[in-house]
Amino acid sequence: MSGKQGIGFHIPGGTHRGTTGFNPKKVAIQLRHGEFSYVIFGLSSGAAGDRYLGPHPIFKTLEMKAVTPKNVNTQLYNPSNPKSKFVRLQNYEDVDVFGNFLDEMERINVKVIAYMNVQGPAMLKHGEARAFDHPANKVGFSSGGYFVNNNPGVCQKLSGVNVCAPSVRKWVSWVARKYSISPYNFRDTYIEGSPLNTALKDAYANVIVNHYAQRYGNRIAGFWFDAGDYGDRAKIAAAVRRHNPKAAIAYNRGAKLPLRNNNRGLEDFTFGHMTPEDFGANPPDGCYNYGMVLSAESSIKGYVYAKVFPSTDLSAPSIAKNPYARPGFKIRYTEDSYASLAHVFLPAQLRWNSGELVWNIRQAAEWVHRVRKAGGAFTWSVRRSGCAGCTGNSQSIIDPPVMEFIKQVTAQLKLITAYLFDSTNCACLSELGTTGNRSWGCEHFEPKEGCKNDRDWTFELAGTKHNCDWVCKPSATSLSNRCLISYLGNGGKDAIGACPYCCNRNCPGYSRRFALLGT
């Protein structure tokens, strides 16, 4: 990876039209003439560990429906067909989407780094209500949850409750039996350090990761583990290295800025995850993330270490002023035996997998140039075609405008002789009327009166508190409408009244979908 450029993208795991119709040959055609050395591709769903893109024998034994891809007619069996939930998917042939993707990348000499989410099928980070087959997850329903019968009778039989995600309940029950935890309380699933929680982390490493590491062996160049705090990192690394000792490993956990080795002895490259976008306040091209570029340039031959000055995590929301603009600001590393490659992972568009392209071409090229010249690696997270707000309807290709953007950036790399952008003049725009700390160097347009969200408003859904940031997020990224009067919160306000920026047709955050529908 050192001195190289790659891309990252994923499709949801499990059984749905995105996996049954995925054709990796089309992606290979896009990438074969590009300057890409590797691709970070999902072996599990993005931001969730409840579904996967390759077969697993335990999921089949437990009849965890739609958790892995199956060769079923998803045109016939779709979210509108009530018969879909009664299809016996275990009788259908497996589709190894990830394995097929490996085949095509090998043909064009592009290495594959597997993305996996450590929270696993128990959804240790987000909870059962966020699992794809939970009745409250409408997005999950449309992308495969419709295959799962999760009515009260099923949940009562599984776990003595009326509402559940069957995949979660089956997995937790199996792990409890395997690790001789009897009787067990399902609520202990989410109690850190409980015997059940500990067993689930062990099973993720030694049953799930171990299987996939063995199945694909050294065809996988590395692993990028998301939600790293929700697993046993030592056991995960051991499972990988048992079958693939040369695989490079990164965990999404720990301090972000400056880049550093957060997992001595367990990681080989930094996760490089941008500072949380805060729903537009900190766009990917914002100066907040410039610290990763400086980290790579301050590295020791492209590698960073655990001991770094400043040691403070500069991604913390409490950092009110731009530290990079201070006279004499410098990042310094102390070399030891545990090196981690300086890896920067930023979206090409506003958000990880969706949203508008936001980068100034010159600034993007400079950041890539500086990181690679220092010996680090730069990965673009890209949106695929067919996503909300993207062109076309084929989910088998990277959205063409994004590919054109990266092509232009790559062309600029050869022309750079001096740097024009620094920590104070990032060509970015802070959205959602945010004036908080994460807007360094960005131009900001204050919404007019009547379009400002109520920053103190919250409401509760499925046991979790949400605010206007959550309500407004889909307005630019999906077809989901969260501007609902049923979302009633403090002060007697509903989502429409509390969040005018995206719920009022006369305000800039109002989504295209709502406008087209005339609502």
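This dialogue covers the backbone features of one predicted model.

User: How are helices and strands defined?

Analyst: They are DSSP runs, numbered from the N terminus: helices are H or I with at least four residues, and strands are E with at least two.

User: Which residues does a cis peptide bond join, and where is Pro-183 placed?

Analyst: Pro-183 is in the loop between helix H7 (166–178) and helix H8 (195–216). Another cis peptide bond links Leu-257 and Pro-258, with omega about -10°. Pro-258 belongs to the loop between strand S5 (248–251) and helix H10 (290–298).

User: Where does Met-123 lie, and what is its phi?

Analyst: Met-123 is a residue other than glycine with a positive phi, near 55°. Its loop runs between strand S3 (111–117) and helix H5 (138–142).

User: How are buried and exposed defined?

Analyst: Buried means under 20% relative accessible area, exposed over 50%, and partly exposed in between, using a 1.4 Å probe and protein chains only. Met-123, at 1%, is therefore buried.

User: Is Ser-180 buried or exposed?

Analyst: Ser-180 is exposed because its relative accessible area is 66%. Ser-180 also has a positive phi of about 55°, although it is not a glycine, and is placed in the loop between H7 and H8.

Methods
Residues are numbered from 1 along each chain as its sequence is written. This is a predicted model: local features need pLDDT of at least 70, side-chain atom pairs count only at pLDDT 80 or more; totals for chains, interfaces and linings use all residues. Side-chain values use heavy atoms; hydrogens and water are left out.
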